[in-house]
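Dear colleague,

I am passing on the structure we spoke about, with some notes on what turned up in it. Please look it over below before reading on.

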Amino acid sequence: MEKQNLPVVVVGAGPVGLAAAAHLVERGIEPLVLEAGASAATAVRDWAHVRLFSPWAEVIDPAAEKLLAPTGWVRPDGTTYPTGGDWAERYLQPLADVLGDKVRYGAMVTGVARAGRDRTVDSGREEQPFTVHIATADGGEERITARAVIDASGTWSVPSPMGANGIPALGENKTADHVAYRVPDLKDPAVRARYAGKRTAVVGSGASAFTALALLADLAGEETDTHAVWILRRGIGDATYGGGEADQLPARGALGLRAKAAVEKGHASAVTGFRTEAVERDGDRLVLLAEDGRRLDPVDEVIVLTGFRPDLSFLSELRLGLDERLQAPIALAPLIDPNVHSCGTVYPHGVKELSHPEQDVYLVGMKSYGRAPTFLAMTGYEQVRSITAALAGDHEAAGRVELTLPETGVCGGAGLFDEPDAAQSDEGGGCCAAPATLQIGTVSPAAYGGC
Ligand SMILES: Cc1cc2nc3c(=O)[nH]c(=O)nc-3n(C[C@H](O)[C@H](O)[C@H](O)COP(=O)(O)OP(=O)(O)OC[C@H]3O[C@@H](n4cnc5c(N)ncnc54)[C@H](O)[C@@H]3O)c2cc1C
């Protein structure tokens, strides 16, 4: 078959993979979405109980909406905030259903390569289509030939460990019965019983950690003796709790304020500059030890919310250009590097920043950010709009990428990973110099006046 007539394989039926399929359909290109799970949005369903900090208006892709509109789909009120469960049920699964047999479930991608060419071979490489290896839910194996591959497989399946050096702390794996890597669903009686009246260490300093601290504080209001020990690798400063009321996503700002209230009301005690090196058992409890020798009082449970990392194992035969720190595409990495800035504002980016030495292969969505923490769905929708335009040969539309993300309100030049006593530098705040922008969702362009 002519390479151009082959489908574009999209890995993952999450928000961004499904949006990619919708944009491909709009462009008259055949997509084939391969999803490991049994339904659309398997990862999002895993955190069904968490409420998004983005309103509906900012998590629905425009091309997807065009596909859904003729089916009688009712657009949720754009000003309200869905949970992960709402996002999956009221938008993502209906979208996958419209795409019909363009989405295959129970199809785990295990390898992507150029047909007949391993990573080392130059000869005839770019003329070859891609071979996508899949493991099917019934235990079978298949190969699918594709003209291009858009990897939207997210990072949800690979949470970062508690160990501050990125490797599980000594004892972390052996104490797994008391360590969780997800925001707890306290409406589930079994989960509630695990944390009610207990002392829980929460490791991490992003939106998920704030959510966990807020939920445990609510629980403490009902079940006395519930207490959180908040473990931060850095110190507490102005930026610790996010932008608060200055955050252009008010619900995201509110999360930080709820975490702050949990500390101020005594439901959580913060331990700063603590880089976990080891976890030891103390009877039925756990003791965390830091690299500097500090040893904390025992806790009953640990919740690790230190971010995620991309699974690059099935892409090992491709020539990817990835930044050595973030494992994000090289041109995108400096825009989102948490060592440098924290405001979440990204200058316009699309196919140009997301291209690799290997042509026609793209990492999009959460995975495109590698280990950087500030990804928003709207970024992914713009990425796939640009990439699919390029695949359709519409280079003008592909290059016309205009996207600025809502700022977190904490962009002052400080990096997210600064040492506890690091001086706040005025340098590195390039993220705050917003270029000409396009209004997205409910975010007003007037709000982008810099920091
Ligand atoms: C708790 C939480 C709250 C968030 N809140 C917001 C918010 O309010 N606003 C916002 O804009 N963003 C938010 N995000 C960030 C981001 O928008 C979401 O994580 C979003 O789900 C990312 O979409 P994605 O399609 O890139 O990846 P995912 O949603 O992770 O989807 C990836 C899909 O790929 C599948 N998959 C994985 N590996 C394979 C494989 N090898 N083969 C086949 N299929 C595979 C998975 O099963 C999954 O269905 C939040 C993230 C989390 C974790």
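How far is an oxygen atom of the ligand from an N or O atom in the side chain of Glu35? The separation is 2.7 Å, which falls within the limit for a polar contact (a pair of N or O atoms within 3.5 Å; within protein, one must be able to donate a hydrogen and the other to accept it, and residues adjacent in sequence count only if both atoms are side-chain atoms).

Please keep in mind that this is a predicted model, in which local features need pLDDT of at least 70 and side-chain atom pairs count only at pLDDT 80 or more, while totals for chains, interfaces and linings use all residues. Residues are numbered from 1 along each chain as its sequence is written, and side-chain values use heavy atoms, with hydrogens and water left out.

To stay with the ligand, 29 residues surround it, the closest being Glu35, Phe53, Ser54, Met366 and Ala377; a residue counts as near if one of its heavy atoms lies within 4 Å. The backbone also takes part: an N or O atom of the Phe53 backbone lies 2.7 Å from an oxygen atom of the ligand, and for a backbone N or O atom of Thr42 the distance to a ligand oxygen atom is 3.4 Å.

Turning to the fold, five strands form an open sheet with parallel pairing, in the order E3-E2-E1-E7-E15. Strands (E, at least two residues) and helices (H or I, at least four) are DSSP runs numbered from the N terminus, and two strands pair if DSSP finds at least two bridges between them. Strand E3 (103-104) and strand E15 (361-363) are the edges, each pairing on one side only. Within the sheet, strand E1 (residues 8-11) is joined to strand E7 (residues 148-151) by four bridges in the parallel sense, and Val9 stands opposite Val149 in E7. Helix H10 (residues 377-391) lies across E1, E7 and E15, and runs at about 180° to E7, where angles run from 0 to 180 degrees between N-to-C directions and axes are lines fitted to C-alpha atoms, for helices over the stretch in contact (heavy atoms within 4.5 Å).

Elsewhere, strand E9 (residues 199-203) is largely enclosed by the rest of the structure, because four of its five residues are buried, that is, under 20% relative accessible area with a 1.4 Å probe and protein chains only. E9 pairs in the parallel sense with strand E10 (residues 227-231) over five bridges, and Arg199 has His227 as its bridge partner in E10. Four bridges also join E9 to strand E14 (residues 301-304), again running parallel, with Val302 as the bridge partner of Ala201.

Best wishes

Technical notes
Buried < 20%, exposed > 50% of the residue type's maximum accessible area, 1.4 Å probe, protein only.
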